[in-house]
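This briefing covers selected features of one structure.

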Amino acid sequence: MSAPELDNQMHRDGPIVPDLSGAVPTSAEARAKRRIAALEEELLTMRQERGTKQRKTTYYVAQGRAVRRMVVLYTSLEDLVAENDRRYEEGLVDGLVVGTTTEQDRLQRGYLALAQSLPWLHSKLAELDIEDTEDMMKKIKRGADAARGDDTSTLKDLVATWINQEFRPSPLLRSDDKQLRGFVHDICGNLLCPAEWDWSNDRVKAGIRERTSAYIVSENSWPLFIYENYAFNSDDLEKGLFMSKILVQAFKAIFTSPSSAREADGDGDGADILENNRRARRSLNSQVKVKTCVASIINMRKVTPRSIAYVVCQVRFALSSVSSWRTVDGDFDYEGFWNNIVDFFEDVPGPVAQRRIAKLLEWWTRKIFGKNHRHDLTPEVVSKMSVTALAEQRKALEDAAFDSELSKNTAKIEEVAQFPTKYHQFTEQQIIARHPIYNIQCASRQKELLLQLLYAFAFALVAGLSLRRTGPGCIVHNKYQFQACKK
């Protein structure tokens, strides 16, 4: 039976009984429409899932850009998570984790830095299954590596410009060529030279360039470029460490803006840049797209040890002759160098050294973000300032005036509060006669109407409201209005 004949029969005779298969015959056109509708719904679902997946990918990649800058430069995120899990499990069993190594402590501090930079990650790790977790980690690392690459490219140009401006080398460094940097270049070689050696000594210079065993340049020496004024005091190795101009310039270029790196001598204006970014984005009238700085994106308000370590490694790479990012450059291990810097800040021998580190980080924060301390304006601090104090004083004066007025009118309020029982037996004329001070005019009204007004009046007085009469049967207050009317 053809489809038209089947449709005609169904229309004429009603439902057709099932055949041997148990299926009721249906129209081919109807089946096609249902199939099309199902496919369209499936396609819509796939598009929605793809859109959701794309949004998640974009979010994870964007959030991952903070990882290399703020958390770890080389260590995998999985190692940080594994160390945190290990400590938690041992803590559940023994109640205290003891006998940890320097590397394990560094990993755990890295996990804490990760949780601070990506506050949502800890709960996500508990929610997602293994496949989704691995996918999320890959996207975060993709964003982390992309940000590191962008910063490397930025500093490749800027470091050449800064060297040319400050030292006036001949020939000048080219921003698009690194072959003439490193130890083959006199200025770059001096800045890269281990601080314990004198680059001006021809023997030292030749030994480094020829890579002799007497002059091995490794991560175990602090290079001169990280010292203030590029000067080294052998009697006080910590003096001026991590306080050089080029480090401040590089930090500003990465975290606030390249233009802010032009000024590195005074206090920084990073806090103003962050606040202006925030206000520009929130402005409803602004039609101009605002480029947000890294510090604003990752909500950075203070300089951290790991961000300094990141910048130092980036500057060291920019000064070198190596053209592509790598972990090892000759005898120099960047991962070990980064670990040494982090340990200097985080693995201190005692409280005296800790105070020096705190002072150094405070210096860094002032150089980058200035003396702005808005992040320290907690509610407790604000409560002690004059604006809040004046508001409290005004409120106290208002309360005192109210209490004074209330005490003066206590007798009157008590008398008015007795209206429902005291004056129920009186007529309208008797109530007005006994209380002429209220000056209520209710011409041609009945006693019930007047009592409604009196109830409202009593409520208003008890609430401390000032009243005025605006017309027959109506008493108003600046906020409330009591209107008596016939039911």
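Is aspartate 331 buried, partly exposed or exposed? Aspartate 331 has a relative accessible area of 40%, and because buried means under 20% and exposed over 50%, aspartate 331 counts as partly exposed. The model is a predicted one. Its largest nonpolar core has 88 residues, and the structure holds 19 salt bridges.

**Salt bridge of aspartate 331 and arginine 211**

- Aspartate 331 pairs through its side chain with arginine 211 in a salt bridge, with an N to O distance of 3.7 Å.
- Arginine 211 counts as exposed because its relative accessibility is 53%, where exposed means over 50%.

**Salt bridge of aspartate 150 and arginine 65**

- A salt bridge joins the side chains of aspartate 150 and arginine 65, at 2.8 Å from N to O.
- This pair links distant parts of the chain, 85 residues apart: aspartate 150 belongs to helix α7 (residues 130–167), and arginine 65 to the loop between α2 (28–64) and α3 (67–70).
- Both partners are partly exposed, aspartate 150 at 40% relative accessibility and arginine 65 with a relative accessible area of 27%.

- In the salt bridge between aspartate 105 and arginine 87, the closest N and O atoms are 2.6 Å apart.
- Aspartate 105 is part of helix α5 (residues 102–117) and arginine 87 is part of helix α4 (residues 77–94), so the pair ties together parts 18 residues apart in sequence.
- Arginine 87 is buried because its relative accessible area is 18%, with the limit for buried at under 20%.
- Aspartate 105, with a relative accessible area of 24%, is partly exposed.
- A network of salt bridges links Asp105 and Arg87 with Glu83, Arg86 and Glu90.

**Nonpolar core**

- Within the largest nonpolar core, the residues with the most contacts are Phe225, Phe242 and Trp364.
- Which residues does phenylalanine 242 touch, leaving aside those up to four places away in sequence? They are Trp222, Ile226, Leu247, Ile308, Val312, Ile341, Phe344, Phe345, Leu360, Trp363 and Trp364.

**Helices α13 and α14**

- Helix α13 (residues 305–319) and helix α14 (residues 334–346) have axes that come within 9 Å and cross at roughly 145°.
- The crossing of α13 and α14 is right-handed.
- On the α13 side the contact is made by Pro305, Arg306, Ile308, Ala309, Tyr310, Val312, Cys313, Arg316 and Phe317.
- On the α14 side the contact is made by Tyr334, Phe337, Trp338, Ile341, Val342, Phe345 and Glu346.
- By type, the residues of the contact of α13 with α14 are 13 nonpolar, no polar and three charged.
- Phenylalanine 242 touches residues that include Ile308, Val312, Ile341 and Phe345; Ile308 and Val312 take part in the helix contact from α13, and Ile341 and Phe345 from α14.

**Leucine 192**

- Leucine 192 belongs to helix α8 and is buried, with a relative accessible area of 3%.
- Not counting residues up to four places away in sequence, leucine 192 touches Gly182, Phe183, Pro223, Phe225, Arg316, Leu319 and Ser320.
- The C-alpha atoms of leucine 192 and valine 315 are separated by 9.9 Å, while the two residues are 123 residues apart along the chain.

**Backbone details**

- Serine 170 and proline 171 are joined by a cis peptide bond, with omega at about 0°.
- Proline 171 is in the loop between α7 and α8 (186–192).
- Asparagine 229 is not a glycine, yet it has a positive phi of about 60°.
- Tyrosine 230 is not a glycine either, and its phi is positive at about 55°.
- The loop between α9 and α10 holds asparagine 229 and tyrosine 230.
- Are asparagine 229 and tyrosine 230 buried or exposed? Asparagine 229 is exposed, with a relative accessible area of 64%, whereas tyrosine 230 counts as buried at 14% relative accessibility.

Methods. Residues are numbered from 1 along each chain as its sequence is written. This is a predicted model: local features need pLDDT of at least 70, side-chain atom pairs count only at pLDDT 80 or more; totals for chains, interfaces and linings use all residues. Side-chain values use heavy atoms; hydrogens and water are left out. A nonpolar core is a set of buried Ala, Val, Leu, Ile, Met, Phe, Trp, Tyr and Cys residues joined through side-chain atoms within 4.5 Å. Buried means under 20% relative accessible area, exposed over 50%, partly exposed in between (1.4 Å probe, protein chains only). Contact means heavy atoms within 4.5 Å. Axes are lines fitted to C-alpha atoms, for helices over the stretch in contact, and angles run from 0 to 180 degrees between N-to-C directions. Helices (H or I, at least four residues) and strands (E, at least two) are DSSP runs, numbered from the N terminus. A crossing is left-handed if the near helix is turned anticlockwise from the far one by less than a right angle, and right-handed if clockwise. Ala, Val, Leu, Ile, Met, Phe, Trp, Tyr, Cys and Pro count as nonpolar, Asp, Glu, Lys and Arg as charged, and the others, Gly among them, as polar. A salt bridge is a side-chain nitrogen of Lys or Arg within 4 Å of a carboxyl oxygen of Asp or Glu.
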